[in-house]
Amino acid sequence: MTNRRASDFVVGLTVLIVTAITIGGTLWLKQADLGGRTRHLTVRSRDVGGVSLGNPVVIRGVRAGRVEQIALGDDNWVVLKLGLDRDVEMPKDPVVLLAASSLFGEWQATVTSRDAVPGDRALLAAIKEAHTGSDTLAGAVLPDIAQLTAVAGRISGDVAKVAERVQVAFDDAAARELRESIRNFAQLSAELARTVNVQSRNLDRISTNVQTGLTTINDAATRLNTFSSRVDSATSRGELQTIVTNSQNAARELVQAAQNLKQITDRLDRTESSLSRAVSRADSVLAKANSREGTMGLMINDPSLYQQSDSLVRELRALVADMKKNPKRYINVRVF
Amino acid sequence: MSDDTKTHTTMRDYVSAIGRTTRTVIAPIGSGARFVSDVVGAMRDVRTWLPEFSVHARILGVESLPIGIFIALFTGIVLALLASYSVGDLVPPYFVGTLVQKTVTLELAPVLTGLALAGRVGANIAAELGTMRVTEQIDALETLTFDPMSHLVVPRVLASAAMFPIVVAVAMLVGLLSGWAASLSLLDISTPQFLKGVRIFFTSFDVRYGLVKSASFGAAVALIGCRAGLTTQGGAQGVGRGATRAVVISAVMILVLDAFWAVVWLTNRTLK
């Protein structure tokens, strides 16, 4: 009897302790709401993606609760029940975004303000569609990593196509043309110098002609002044014929001056065109040279050429000095 | 004897052979089912088996706790190291907690503890009842109109079915704690990380599944042990054979039941 009573006590104690530990441990691991410190939010969404029971609910990046229930609702909606700490302050006009939280298939529900929703049209439309106006929050699924990877794949494909087209456009012929352009730089420079020289002479001639024209006009004006002063007595002194003759001369000189001016203008136009072409060519060539492409570019931009030349001169100087100092080392004249 | 008679006799022998084979296969199932039926029927005699219950619960359950704790202790450590070794840097470290929790709760604590207790409890019951059988104590009970089922079998079966989940629950707890300690000391996984992994996919179903499964293991082990003991023949050698048979069949039955519960409860079930 004593043995049986002792057994009763031991078994009863064991069962009570283990049951209490099991229930307590389960509630603790399940994060059960024992003190009523949890408030519940209902969310509806067309899809929940990879969200499952127990996934965290996050507000402003901080875990504030967990997903407690997922169920299919009416009209093809999915209804989620979120358990949040009662003390957590909800954002203004809250919506719920369901998104992958890592690359390992974990998802989370983010409670955020409607204003903070990313400006994706499909996402905004889904939020708008899920909005009820009641206590049920609107929810939507953000694209997960698989969808983003697919989009990235398409973008990389497009980039590859563009790169291929660039490669086609910048083929060997284009490279040869570029090298030819750089090679023609000296020729273009000489042409530019000649053009500038010619145009300079033209400008000298133009300025001389303009000066001559102005002198002629000045003479004509003087003569006209003389003519006007003599008009009064022209009829009495018989000098009218002389005045007419002078006027004719002045008119011819004016015509000549006008022609000279027209020629000067034409030459100036041509000069301007030539200068413009020469400057654009020089600009292109200098740009290529400045981009360190080709021999000229390397000559201009690569300091090693100067350094090597400088080094060569120094070595030559040293060699000459050494020859002066020790001529026998280099010149050895033997008669026998 | 005419040829017709000879042919008829040969055919009859073939049919009889098929019948014998079928009976040989089905007879243990039938006798086992009848045994279970007798046990269930004897449960009505509560006044007889209830006083014996706590004694057997103590022997089969409470005294089996050290074995369960010992097994779970090392199982948790090995699981944590195996989880870390298997997944390496491919997944976050807190998945070690998830793997330890899921594996210990759903599978290893019930099955390993069940297999260990199959050896201890099954052999204990088979040897005890077998000895009573070969020493004609059971015959004496029957002569005195005591029902051996309600006196000997029912308290053992109920005690085993009730106490296996207790031992397994302790094993689950110890397995989780040892896995946590191993993660903390051997794997440089912090307590918050381990707890995050344990909690993130934890559902109360995990515990229910493991405990219900272990209760079925306990009932099966006790029933097999009792039947092996009651059918013992031939002295001490027969007792030994009965104990061995009880352990082997119990171990096989535990694995069969494990698969059965997995098919019944886990098929098409997700965390959602």
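Which residues form one aromatic cluster? Select Phe205(B), Tyr209(B), Phe260(B), Trp261(B) and Trp265(B): together they make up that cluster. Keep in mind that this is a predicted model.

Now widen the view. Over all chains, a search of the whole structure turns up nine aromatic pairs. Go to one in chain B: select Tyr94(B) and Phe95(B). Their ring centres are 5.2 Å apart. Their planes meet at 20°, so this pair is stacked.

Phe201(B) is buried, as is Phe95(B).

What does this pair tie together? Colour helix H4 of chain B, residues 95-134: Phe95(B) lies there. Then find the loop between helix H7 (191-200) and helix H8 (204-230) of chain B, which holds Phe201(B). The pair therefore links parts that are 106 residues apart in sequence.

Next, look for charges over rings. Select Arg199(B) and Trp28(A): the charged end of the arginine sits over the tryptophan ring, 4.5 Å from its centre. Last stop, chain A. Select Arg44(A) and Trp77(A). The charged end of Arg44(A) sits over the ring of Trp77(A), and the distance to the ring centre is 3.9 Å.

Terms used
Residues are numbered from 1 along each chain as its sequence is written. Chains are lettered from A and ligands numbered from 1 in the order in which they are written. This is a predicted model: local features need pLDDT of at least 70, side-chain atom pairs count only at pLDDT 80 or more; totals for chains, interfaces and linings use all residues. Side-chain values use heavy atoms; hydrogens and water are left out. Rings of Phe, Tyr and Trp (its six-membered ring) pair if their centres lie within 6.5 Å; planes under 30 degrees apart count as stacked, over 60 as edge-to-face and the rest as tilted. Helices (H or I, at least four residues) and strands (E, at least two) are DSSP runs, numbered from the N terminus. Buried means under 20% relative accessible area, exposed over 50%, partly exposed in between (1.4 Å probe, protein chains only). A charge sits over a ring if NZ of Lys or CZ of Arg is within 6 Å of the ring centre and within 35 degrees of the ring normal.
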